[in-house]
Amino acid sequence: DRKEKAEGAKFKKFLKLRIQLPSFQFKNNITTLINHHQVVIIEGETGCGKTTQVPQFILDDKIDLLEGGKCNIICTQPRKISAIGVASRVCEERCEEIGSIVGQRAA
C-alpha cells in the first residue's frame, strides 16, 4: 500500500515540495540520531519542516526497519487549530485519511 501511494501523482507532487524544505537535507542525520539517543532536540527556523517532516522521517525510517507497527509519534501544538492543521497537512502529504495513521486530539 505504501509503495502504491509513493507511485501516485499526488504523493510525488508533495514529495517535490517536501524535498525543498530545509529539514529534508538532514533526514538521515535526524533518524540516525533518534535511533541512537533517547533525547534529540531539533531546532530550526519557522517553516523548515520540524513539525510536519520530522515525524514522517521517523515513521518512514521505522517502517523501513520493519518496526512501523511499534512506532507511536506524538506531536503537541499550543492551539487546537494548529493541531488540526498539522494533522491534515501530514495526512495530505502521505495520501492518508485523518484517523488512519495520523490523528489529532485537542484537550
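**Close-up 1. The side chains of Gln56 and Glu93 are joined by a polar contact of 2.7 Å in this predicted model.** A polar contact also links the side chain of Gln56 with the side chain of Arg94, here at 3.4 Å. Gln56 itself lies in helix α4, which runs over residues 54-64.

**Close-up 2. The surroundings of Gln56 include Arg18 and Val90.** Leaving aside residues up to four places away in sequence, Gln56 touches Arg18, Val90, Glu93 and Arg94, and two of these names, Glu93 and Arg94, are those of its side-chain polar partners. Because its relative accessibility is 1%, and buried means under 20%, Gln56 counts as buried.

Close-up 3. Following the sequence, the elements come in the pattern α-α-α-α-α. Of the contacts in the protein chain with a separation of 6 or more, 61% are made by residues 24 or more positions apart. The radius of gyration is 14 Å, which agrees with the value near 13 Å that a compact globule of 107 residues would have, and the C-alpha atoms fill a box of roughly 35 × 30 × 30 Å along the principal axes.

**Close-up 4. The surface of the protein chain has an accessible area of about 7,900 Å².** Carbon and sulfur atoms contribute 53% of this accessible surface, while buried residues make up 29% of the 107 residues in the protein chain.

Terms used:
Residues numbered from 1 in each chain as written. Predicted model: local features only at pLDDT ≥ 70, side-chain atom pairs only at ≥ 80, totals over all residues. Heavy atoms only, no water. Helix = DSSP H or I, 4+ residues; strand = E, 2+ residues; numbered from the N terminus. Rg over C-alpha atoms; globule rule 2.2 N^0.38 Å. Buried < 20%, exposed > 50% of the residue type's maximum accessible area, 1.4 Å probe, protein only. Contact = heavy atoms within 4.5 Å. Areas by Shrake-Rupley, 256 points an atom, 1.4 Å probe, with all protein chains shown as cover. Polar contact = N/O pair within 3.5 Å; in protein donor to acceptor, adjacent residues only side chain to side chain.
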